[in-house]
Amino acid sequence: MHQATGGQMQAPFELSEGEERLRTIIAQFPPDSSHWNEAENRFQFVDRLLIECLGWEKPNIRVEVQDGVGGKADYVLGHPAKAVLEAKREAKAFGDLPAGKPTLVRKLDPLMKAFPEFREAVHQVIPYCSLLGAQVAIVCNGPQLAIFQAIIPGQSPLDGECFLFNGIQSYLSNFALLWTLLSPEGISENRAYRDIAIHRNPRIPEKASIVIPELMKHRYRSPFQENLRDLSGLLLEEIEDNPDLKSAFYRDCYVPIEANNRHLLLSKQIISARYKRVSGDGITPSAIDDTAVLGRASSRPVVVLGDVGVGKTSFFENLFERMDVGEKANTYFIHINLGIKANLSKDVKTFVLSEIPAVLKKKYGVDINSSSFADRIYYEELRAFDESVKGRLKAVDPIAYEKEKIEFLSAKIAEQDNHLMAAFGHIVRGRGKQIIIIMDNADQRGLAVQQEAFLISQELASWRNLLIFIALRPSTFYDSKTTGALSGYQNKILTISPPPADEVVQRRLTFAVRVAEGKENPGKLEGIRLQLGSVVAFLNATLRAVRSNQSIQQFLSNISSGNTRSVIELITSFCGSPNVDSQKIVRIEEESGSYKVPLHEFTKHALLGEYAYFNAQSSLVAQNVFDVSTADARENFLCPLIVSYLSSNIGEKDSDGFVLGEFVVTEMLRHGFIEDQTRNALRRLAAKRLIETPYAHYRELKVAENQPPDHFYFRATSVGIYHVKHWMGAFSFLDATSTDTPIFDEASRSAISDLAPSFEIADRYKRASEFRGYLESQWHLANINTKYFDFPAVLRLQDDGFNVVKGVIDKKPFKQKPVWKTHR
């Protein structure tokens, strides 16, 4: 059925029915059909082929469409135009075209040279396609039909290939192929274009990494690096879970939640509106603050939204730690971790009903299952029991009475949910306490678990004697709100925005140094083999760099995109990374006391992780934006173009800065990129978080492979903007991705392949310089003219980084900038 613009078109019947209809139409052909003119051919056959046999519906077909320069296209298929069909009169045969199977593509050029009528039809339809933006061209005179590409990046469509159906019987014999190529589904998914491209040579060149014997090779840490990594993990990650240090940790390390991150490459307006669409019903969530949390008990849980790693857990822990002594004494704070801790439980409800009593007993000394507590909370029920028939045993048989009373209370306690709520009622009303329950890390589990957690929270809140919060990611909340358990509830929604990443890192490093120096209770540090002096030296050098180097601050803030957990993991893994000479850093720091770790050390680790070479798995934060999906050298610049377009002031954006995918596809068509190239790039960019949809499709919400990204909305993230404005021109990035990019110039490919396995800095410099020169020359050849992306300017911004490396190689101050090799 016809769907909204950008959606999947679909035939209203199956292939077998279309084939039978074609058989009937052919059987009814009049004997004089070979004398039909163009109009008759269209009316008697082409219309019926498209509508009755291939399943096209009239809303998806336009006829006699003006091309804007005086011409008219006979048929335009799809909205926007996906294909143009030019119908000729049947009497004007394309000639005695050579026999062959339609499943095998044919070169257009020899067919056009041999048959002038065919050449005329091809020359007529290609301008229509170009002016209307259609990638597929079709010419048909009735018994003969050819399908070919109207746009081929880097070459003329006249040099392309075609699928050729030669004779009415060929339609029937190969109807499955005809349906695959020309049905609404086939045109919508661009199958004809893709299938022709698959048959075409040249293929995508091999990457230089093919010569590397062990591309996926891990680098192993030395004993020094291993110990540094272990201790850094303890000091930077595990330390917040140490009960002896928790209060001091949140006192010194917690960064107040704020949306305005001074180093982010996104506007303040976009950051503050990042959750605006999350409810899907036009309701804008409120920013979270202390007063919102410390409100009165509600009959509904408060949904707290924040992206993964943004600091939802830290917010609530800090909330309790910041209470004064009186508030803490008056509050039972129950933090339920539904992540790893709940995995072994039968179900979420079982875990919650057992975990809450366990926390009350361990943290507050309240055993709700004890006899004395049961006597107090069921005081009224016990009075009623005494008035019952069994209660009369109290006077005549005290032992029997106690047994009945024990059985009565045991039955009450066995009803875990009712017993828990009775206990809460006694704690709140009898003891005058406030109860705050946090249902945390539900978003680390599947959607079913998250929905169950929400329903449990709803049930607990309905008793109106406690405050309950459930923390979710925006994407999972949206998914459940639209189709799942949350769809039937109207909840208060609060949001947490990311704190400045560089400040988070500085506070963590400062606190870690204090603990390592013994200025805070060292807790579990006793017995660690590595000298504390070494880790202090490394952390101090790292801290000094983060404090003083704005480029490092910008890198950490943007590449983490507000994910606090991610940036801490990055810094922790940096300590003791096998790709970082930590012993050299410690030695220089101990000698000088003033060493600053340079930016390229951070970026090299971010690119390679624990691998020896860059590959698809080596980095959690970096994407090779130069990679391609087709044999088109211009595609080296497609991903940067898309990110730059989305982050520019050009194009039709909504109030939150999102652009419809269909508009992105259309914009890239202007630069000569076909739809499939752009769609593939959009999927890859979204999966690696260089761009995003409002609900994290492709990254957190799965999207079917046959669902085009055209109808999703996208905008650039700080990760993507940092890639295209800074990182992709840097020495470390070009060095790493040079072996991971298909290179279309044979000389450059050979030069880079020769150097691909080497770790020597001189070889790395030659490799990165060769790759840089290749890309710059390809940029000039590509002739991409746009105001929002200037690739040579990005390279120039990183000249100093190359100069520093060259200076190290030459062992002398660098006075002149190198002349980059350009392939003309």
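The model is predicted: local features need pLDDT of at least 70 and side-chain atom pairs count only at pLDDT 80 or more, whereas totals for chains, interfaces and linings use all residues. Residues are numbered from 1 along each chain as its sequence is written, and side-chain values use heavy atoms, with hydrogens and water left out.

## Overall fold

The protein chain has 37 helices and 16 strands. Helices (H or I, at least four residues) and strands (E, at least two) are DSSP runs, numbered from the N terminus. Of its 824 residues, 56% count as buried. Here buried means under 20% relative accessible area, exposed means over 50%, and partly exposed lies in between, with a 1.4 Å probe and protein chains only. Among contacts with a separation of 6 or more, 74% are between residues 24 or more positions apart; a contact means heavy atoms within 4.5 Å.

Helix 21 (residues 447-461) has 15 residues, which should span 21 Å at 1.5 Å a residue, and its end C-alpha atoms are 21 Å apart, which agrees. The expected span is 1.5 Å times one less than the number of residues. Buried residues of helix 21 include Val-449, Phe-454, Ile-456 and Leu-460, and also Gln-450, Gln-451 and Gln-458.

## Nonpolar cores

In soluble globular proteins, nonpolar side chains tend to be buried together. A nonpolar core is a set of buried Ala, Val, Leu, Ile, Met, Phe, Trp, Tyr and Cys residues joined through side-chain atoms within 4.5 Å. The largest such core has 171 residues, and those with the most contacts inside it are Val-352, Ile-356, Leu-360, Phe-424, Ile-437 and Trp-727. Leaving out residues up to four places away in sequence, Leu-360 touches Tyr-332, Ile-334, Gly-365, Val-366, Ile-368, Phe-424 and Ile-427. Another core, of 40 residues, lies apart from the largest one and has Phe-13, Leu-49, Tyr-75 and Ile-168 among its members.

## Pockets and cavities

Rolling a probe the size of a water molecule over the atoms shows where empty space is left. On a 1 Å grid over the protein atoms alone, a cavity is a set of points where a 1.4 Å probe fits but cannot get out, and a pocket is an open set with protein on both sides within 12 Å along at least five of seven lines; lining residues have an atom within 4 Å of a point. Grid points are joined across faces, edges and corners, and a volume is the space filled by probe spheres set on the points.

| Space | Volume |
|---|---|
| Largest pocket | about 1,400 Å³ |
| Second largest pocket | about 1,100 Å³ |
| Second largest cavity | about 140 Å³ |

The largest pocket is lined by 41 residues, and Asp-241, Lys-246, Thr-313, Glu-317 and Asn-337 are the closest to its centre. Helix 13 gives the most to this lining, with six residues. By class, the lining of the largest pocket has eleven nonpolar, eleven polar and 19 charged residues. In these classes Ala, Val, Leu, Ile, Met, Phe, Trp, Tyr, Cys and Pro count as nonpolar, Asp, Glu, Lys and Arg as charged, and the others, Gly among them, as polar.

In the second largest pocket, His-600, Glu-601, Phe-731, Ser-732 and Val-805 are the closest to the centre among 41 lining residues. The largest share of the lining of this second pocket, seven residues, comes from helix 28. Its lining has 21 nonpolar, eleven polar and nine charged residues.

There are five cavities of 30 Å³ or more. The second largest cavity is lined by 13 residues, with Cys-253, Tyr-254, Val-255, Ser-314 and Thr-564 nearest its centre. Helix 10 gives the most to the lining of this cavity, with three residues. By class, nine of the residues lining the second largest cavity are nonpolar, three are polar and one is charged.

Helix 10 also holds Ala-248, which counts as buried at 11% relative accessibility. Apart from neighbours within four places in sequence, Ala-248 is in contact with Phe-511 and Glu-520.

## Local backbone features

The peptide bond from His-79 to Pro-80 is cis, with omega near -5°, and Pro-80 lies in the loop between strand 2 (72-77) and strand 3 (83-87). Tyr-698 is not a glycine, yet has a positive phi of about 75°; Tyr-698 counts as buried at 16% relative accessibility. Asn-783, also not a glycine, has a positive phi of about 55°, and counts as exposed at 64% relative accessibility.
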